[in-house]
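Thanks for coming. I have one model to go through today, and I will keep to the ligand site and the confidence scores.

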Amino acid sequence: EKTKESFFGKLGKALVGKSTVDDEVLDNLEEILVASDVGINTTVKIIERIQNRVSKDKYLGTTELDSILREEVVALLSDTSDTDLKEFETPPNVKPYVIMVVGVNGVGKTTTIGKLSAQYKKAGKSVILGAADTFRAAAVDQLKLWGERVGVPVIAKGMNTDPSAVAFETVQAGVEQNADVIIIDTAGRLHTKVNLMSELTKIKRVMQKVVPDAPHDVMLVLDGSTGQNAMVQAREFTKATEVSSLAITKLDGTAKGGVVIGISDEFQIPVRYIGVGEKVEDLQVFNKKEFVDSLFKKN
Amino acid sequence: MFDNLSLKLDKAFQTLKGQGRITEINVATTVKEIRKALIDADVNYKVAKEVTDDIREKAMGQNVLTSISPGQLLTKITNDELTHLMGGESVDITIEGNPAIILIAGLQGSGKTTFSGKLASYLKKQGRQVLLTACDIYRPAAIKQLQVLGEQIGVEVYAEPENKDAVKIAKAAIAHAKKNNHRIVIVDTAGRLAVDEEMMNEIARLKEALAPSETLFVVDSMTGQDAVNTAKAFNDRLNFDGVVLTKLDGDTRGGAALSIRRVVEKPIKFISMGEKMEALDRFYPDRMASRILGMGDVVTLVEKA
Ligand SMILES: Nc1nc2c(ncn2[C@@H]2O[C@H](COP(=O)(O)OP(=O)(O)OP(=O)(O)O)[C@@H](O)[C@H]2O)c(=O)[nH]1
Ligand SMILES: Nc1nc2c(ncn2[C@@H]2O[C@H](COP(=O)(O)OP(=O)(O)OP(=O)(O)O)[C@@H](O)[C@H]2O)c(=O)[nH]1
Ligand SMILES: [Mg+2]
Ligand SMILES: [Mg+2]
């Protein structure tokens, strides 16, 4: 892309023949990272790492800087612990595989569950969903409609029922029906609400009465347009539920989702999926390299 | 995280203790700290730069009072500047026409439907006859969501679940309102991205067809750097009248508020701070300024000095 080239072109001019990166280059770099929601702390960290590399390797041209930069950012993104999970697989010998989906309000939990179910189904897995958001208006109907759309059963007890009971019954039904994957939708909640956060802990505990090592995955959904607060969300949800994977939504817009770099680095939680639209097919397996490339691409 | 900006600023000043006047030299580090704090609060980096340049101008040559630290003084200057930038007084919505029409627009999941319910409830409490209109024909159960809220607050909801034309639904709602003596029609719309041409056309057509006396842009207060792009794109198409900031019941610093205000120059009219129908408030620029700076009592402290 044009803008991309011109950025590195600019970097190049400022760098030729130098063994250190000067302020102009760093300012440019800082601007790009900060504008992608990477945040000041992580940006400073990336810049320091680049300075170290540059003074050590005495690099020469823009191409090297470009790749060093990308390498350093990629290095901050944590690995998916189980590479087998990449293409909508579940770990061998884990059946049913229980996923609990959590996050603040409106980030895209229910939609992500709908899309994810479709992918699992396409991969030949049987899926059961649990409508444990019994709080938000019409949340149960929303999940049911997704279930119909995708062709997977939804266990629901209606609005204002106990979410733990819904989760319990869903896991029970999943075991009885020999399901491969069970996904529990939960109500959106801000991490500052103590009662609601401990409700999640309870939902988790109740599921373990049926499947002792459930949930196998606690997926935190983050809105890709969220700024630095996503960092706090990751911290607080991890405290309450031991988050084991991330999904970043709404990356079909102009937001870059750069905050996930700092999150991944600090909490070592891998990003598993990205949401790129509202349709069933708009879910992709996270690809580090593509993600980092998109940071340096102007809209 | 910058829990206390003025402490940071004091640190930046420490090397220059004894200087009673803010000069070009000692202000540089401090201004950098302020900029960092703003970016950490999700203020757009360009906006943060402009704002801190202004602050530098204002700070130059000011005498530091003996009873407060230079950091505190700078914080006060910053706070005043932010408050000023966010519009001074709070601004009301315009309710005009028969019926008066209020159009709600914004990104996916920002809180439009919830806010529509809250606004309806708020206006109803003022004794007005309100009709809610469900124009989100895309999201699963979007209509049902508005109907449930309508029932909760005792406000009628106009919907045509089979109709796939948002403009026609809205027009029919207005006809319905006229016939049934509803004086205000609130139109809830689907979430959309600014880059989605088709959907942006839809909301532009809605605005044109309805000629609302108030068009509100609803934005999640946790939004990061992209807030300015989105707000600008929506404003270019809709020329909206005001902004609603949602989810302020969390701990976000809400820097997006400052960015949007600065870039589109439209007032923030309401803040939404919870999922319940009562959780609606007017916008107070001074409170928002303190929130973005992550400090509470420094300002009053300086005021007393
Ligand atoms: N453009 C876009 N929109 C999305 C994406 N994922 C979800 N959405 C939309 O975001 C809005 C909120 O999605 P939901 O799935 O209801 O979010 P949620 O987290 O379940 O919300 P609550 O249950 O209310 O907390 C809906 O309008 C979705 O269609 C995405 O990847 N891209
Ligand atoms: N904590 C909190 N949650 C809110 C607030 N406003 C809305 N929500 C929640 O945020 C989520 C999304 O709200 P909606 O009103 O459905 O958002 P929307 O903009 O209509 O979403 P779409 O129609 O899918 O684009 C829901 O879970 C709401 O309960 C708020 O001020 N505070
Ligand atoms: Mg949901
Ligand atoms: Mg809605």
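I will start with the scores and then move to the ligand.

This is a predicted model, with an ipTM of 0.93 and a pTM of 0.93. For chain B, the average pLDDT is 89, and 86% of its residues score at least 70.

Now the ligand. Where does ligand 1 lie? It sits between chains A and B. The shell around ligand 1 holds 22 residues, and those that come nearest are A:G108, A:K109, A:T110, A:T111 and A:E278.

Which helix gives the most to that shell? That is helix α5 of chain A, residues 109-122, which supplies four residues. Sorted by class, the shell has eleven polar residues, eight charged ones and three nonpolar ones.

Next, some individual distances, each to an oxygen atom of ligand 1. From the backbone, an N or O atom of A:G108 is at 2.8 Å. A:G108 is also among the residues that come nearest to the ligand. A backbone N or O atom of A:V276 is at 3.4 Å. From a side chain, A:R136 places an N or O atom 2.9 Å from a ligand oxygen.

Last, the burial. How much of ligand 1 does the protein bury? Taken alone, the ligand exposes 650 Å², and 96% of that is buried by the protein.

To recap, ligand 1 lies between chains A and B, with 96% of its exposed area buried by the protein. That is what I have for today.

Technical notes
Residues are numbered from 1 along each chain as its sequence is written. Chains are lettered from A and ligands numbered from 1 in the order in which they are written. This is a predicted model: local features need pLDDT of at least 70, side-chain atom pairs count only at pLDDT 80 or more; totals for chains, interfaces and linings use all residues. Side-chain values use heavy atoms; hydrogens and water are left out. A residue is near a molecule or strand if one of its heavy atoms lies within 4 Å of it. A polar contact is a pair of N or O atoms within 3.5 Å; within protein, one must be able to donate a hydrogen and the other to accept it, and residues adjacent in sequence count only if both atoms are side-chain atoms. Accessible areas come from the Shrake-Rupley method with a 1.4 Å probe; for residues, only the protein chains shown count as cover. Helices (H or I, at least four residues) and strands (E, at least two) are DSSP runs, numbered from the N terminus. Ala, Val, Leu, Ile, Met, Phe, Trp, Tyr, Cys and Pro count as nonpolar, Asp, Glu, Lys and Arg as charged, and the others, Gly among them, as polar. pLDDT is the predictor's confidence in each residue, from 0 to 100.
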